[in-house]
Amino acid sequence: MALNKTCRYCLCCDLLIAHQDELEAWLAAFFTDHRPEIVGNDYMVLGTEDRADWLRGVNTQRSPQQAFECLHDFRDVVGFTPPQRWARE
């Protein structure tokens, strides 16, 4: 599945940043209507796609092979867990 999702980018780190909660909320909303049996399963974000290629895929059906040919795959996948914050009681 190719999403039209804009993410943050860190120029210094050459890192594309997507918030898991935002992505999962979109996936859950979409798949609850279309394929509810896969909601909550594991997934992996593979890379990015040029907007022109994404638009072609929206307007015409592509095979998985054609979609993968347009994919700019990530060099690495990195997960971050923010540190716990102090809470005053």
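Select arginine 62 to begin: at 23% relative accessible area this residue is partly exposed (buried is under 20%, exposed over 50%, partly exposed in between, with a 1.4 Å probe and protein chains only). You're looking at a predicted model, where local features need pLDDT of at least 70, side-chain atom pairs count only at pLDDT 80 or more, and totals for chains, interfaces and linings use all residues. Residues are numbered from 1 along each chain as its sequence is written, and side-chain values use heavy atoms, leaving out hydrogens and water.

Helices (H or I, at least four residues) and strands (E, at least two) are DSSP runs, numbered from the N terminus. Glutamate 49 is partly exposed too, at 22%.

Next, hop to helix H2 and pick aspartate 53 and arginine 56, three residues apart and so separated by about one helical turn. Their salt bridge has its closest N and O atoms 2.1 Å apart. Aspartate 53 is buried at 12% relative accessibility, while arginine 56 is partly exposed at 49%.

Then try arginine 35 with glutamate 37, a salt bridge at 3.2 Å, N to O. Arginine 35 is partly exposed at 43%; glutamate 37 counts as exposed at 53%.

Finally, zoom out: the whole structure has five salt bridges, and the chain runs β-β-α-β-α-α-β.

How values were computed: A salt bridge is a side-chain nitrogen of Lys or Arg within 4 Å of a carboxyl oxygen of Asp or Glu.
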